[in-house]
Structures are given as structure tokens and as C-alpha cells.
Amino acid sequence: MQITNLQIEEIQAGKIKAFEILFKAFYPRVKSFALGMIKNPYEAEEIAQNVFLKVWTNREKLKSTYSLSSYIFTIVHNEVYDFFREKHYQLGYQQNIRSNIPNLQYEIDSEYNIKEIKAIVNRTLKEMPPQRRTIFKMSREQFLSNEEIAQALGLSKRTVEKHIGLALATIKKNLGDFLFWLFLFFIQ
């Protein structure tokens with residue numbers, strides 16, 4: 001489907017209908033392109049949504065002389081690049097933390113092993129309110145920033161921070177201080 005100059009002008013003016021046409025025309029290709037690059041359907045969908053969020057927030061900058069397709073796929077490319085850069089930094093950060101912490105494995109009492117710690121954490125997560133559990137998992141398992149979680153769930157960043165803080169406090173209470181730190185640095 002071809003987007004006309006008139007539709008671009010309507011998008012610039014904030015007309016939702018024109019943006020919906022653009023979204024329907026490009027979303028499947030954008031998501032497919034992102035999926036081809038990162039091989040994760042959930043992340044590809046997040047990237048596609050971020051692309052259209054950026055197009056909408058920067059709609060005043062659209063010009064009918066631009067190749068709309070090139071503009072959108074440049075944003076996709078940048079989003080995928082940012083995704084990989086963030087994953088690279090997260091892995092480097094985790095490895096740095098692990099290498100700088102003394103080997104605590106021998107200090108763990110025999111009654112606590114990794115499986116037991118994970119079981120306590122999983123039990124704690126199951127007992128949390130659904131929204132808190134979802135936010136915590138998005139943060140710790142999907143490595144999303146608080147801002148990304150807030151956008152994805154339609155919450156404020158402060159609400160996300162509060163839920164993560166409460167989740168960590170509950171886990172810490174159930175594990176005890178020493179095991180809590182082991183959980184943070186070694187079991188993720």
C-alpha cells in the first residue's frame with residue numbers, strides 16, 4: 001500500500017486515521033525485518049512498536065519528499081542496533097560483576113544450594129501480585145529498562161520502580177541478606 005503525500009500531511013497534523021493506515025501498511029514488514037535480525041518474536045514486536053512510537057512522536061518532522069519506507073527502516077535499523085548494544089552492555093556488566101565478586105560458593109551452607117534458592121525465589125514470585133510479578137520478570141529476565149516496562153504496560157516509570165523495589169524487598173526477606181546477594185549476582 002502506498003502512502004500519499006496527503007496522508008503524510010495528515011499524520012503530521014496528528015490525524016490518527018492516517019497514522020493507522022501507515023501502521024497497517026508497514027507494521028508487518030517492520031516486525032518481520034526486526035525478527036529476521038534478532039530471532040526473538042517478543043523483542044521484534046517491541047522494536048516494531050518502538051519504531052511506530054518514534055514515527056508518531058516525531059511526525060512533525062515527516063516530509064512528503066522523504067522516502068517514507070527508507071525513513072521507517074532507518075528507525076528499525078537503529079532500534080535493532082540499540083537492542084544489540086544494550087544486550088552487549090548488559091552481558092559485559094554481568095560478567096564484570098561476577099568477576100569482581102569473591103568466590104562465595106564455598107561459604108554457602110550445605111542446606112542451601114542453587115536449586116533451593118531458585119525454588120524460594122520462584123515461590124516468592126508466584127505469591128506476588130500479578131502486575132508486580134510481570135514487571136519484575138520483564139526487568140530481570142527480559143532485561144528491559146524501567147522506562148521500557150512503563151511504556152509496554154502503560155504505567156508510570158515511578159510505578160515500575162516501586163514494584164521492582166517491593167519485589168526485591170520480598171525476595172530479600174524470604175532469602176535473607178547473604179542469599180539475596182547470591183541471587184542477584186549468580187542466579188539470573
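Colleague: In which hand do α6 and α7 cross?

Modeller: In this predicted model, the crossing of α6 and α7 is right-handed. The two helices, α6 being residues 130-140, pack at an angle of about 135°, and their axes lie 10 Å apart. Angles from 65 to 115 degrees count as roughly perpendicular and those over 145 as roughly antiparallel, so α6 is oblique to α7.

Colleague: Which residues make the contact of α6 with α7?

Modeller: From α6 come T134, I135, M138 and S139, while α7 contributes I149, A152 and L153. Sorted by class, five of these residues are nonpolar and two are polar, with no charged residues.

Colleague: At what angle do α6 and α8 pack?

Modeller: Helix α8 spans residues 157-175, and α6 packs with α8 at about 90°, the axes being 9 Å apart. The two helices are therefore roughly perpendicular to each other.

Colleague: Which residues of α6 meet α8?

Modeller: On the α6 side they are Q131, R132, I135, F136, S139 and R140. Their partners in α8 are V160, H163, I164, L166, A167, L168 and I171. By class, this contact has eight nonpolar, three polar and two charged residues. I135 and S139 of α6 also take part in the contact with α7.

Colleague: Let us turn to another pair. How do the axes of α2 and α3 cross?

Modeller: Helix α2 covers residues 16-38, and its axis comes within 8 Å of that of α3, at a crossing angle of roughly 145°. The crossing is right-handed.

Colleague: What classes of residue form the contact of α2 with α3?

Modeller: The contact has 18 nonpolar residues, one polar residue and three charged residues. Among those from α2 are F19, F23, F26, Y27 and K31. The residues from α3 include P41, E43, E45, Q49, F52 and W56.

Colleague: How is empty space in a structure found?

Modeller: The general idea is that rolling a probe the size of a water molecule over the atoms shows where empty space is left. In this model, the largest pocket has a volume of about 520 Å³.

Colleague: Which residues are closest to the centre of the largest pocket?

Modeller: Of the 21 lining residues, E46, N50, E79, E148 and Q151 are the closest to the centre. The elements that give two or more residues to the lining are α3 (41-57), α4 (68-100) and α7 (146-153).

Colleague: How many residues of each class line the largest pocket?

Modeller: The lining has ten charged, five polar and six nonpolar residues.

Methods: Residues numbered from 1 in each chain as written. Predicted model: local features only at pLDDT ≥ 70, side-chain atom pairs only at ≥ 80, totals over all residues. Heavy atoms only, no water. 1 Å grid on protein atoms, 1.4 Å probe; cavity = no way out; pocket = protein on both sides within 12 Å on 5 of 7 lines; lining within 4 Å. Points joined across faces, edges and corners; volume = space filled by probe spheres on them. Helix = DSSP H or I, 4+ residues; strand = E, 2+ residues; numbered from the N terminus. Nonpolar A, V, L, I, M, F, W, Y, C, P; charged D, E, K, R; others polar. Axes fitted to C-alpha atoms, helices over the stretch in contact; angles between N-to-C directions. Parallel < 35°, antiparallel > 145°, perpendicular 65-115°, else oblique. Left-handed = near helix turned anticlockwise from the far one by under 90°. Contact = heavy atoms within 4.5 Å.
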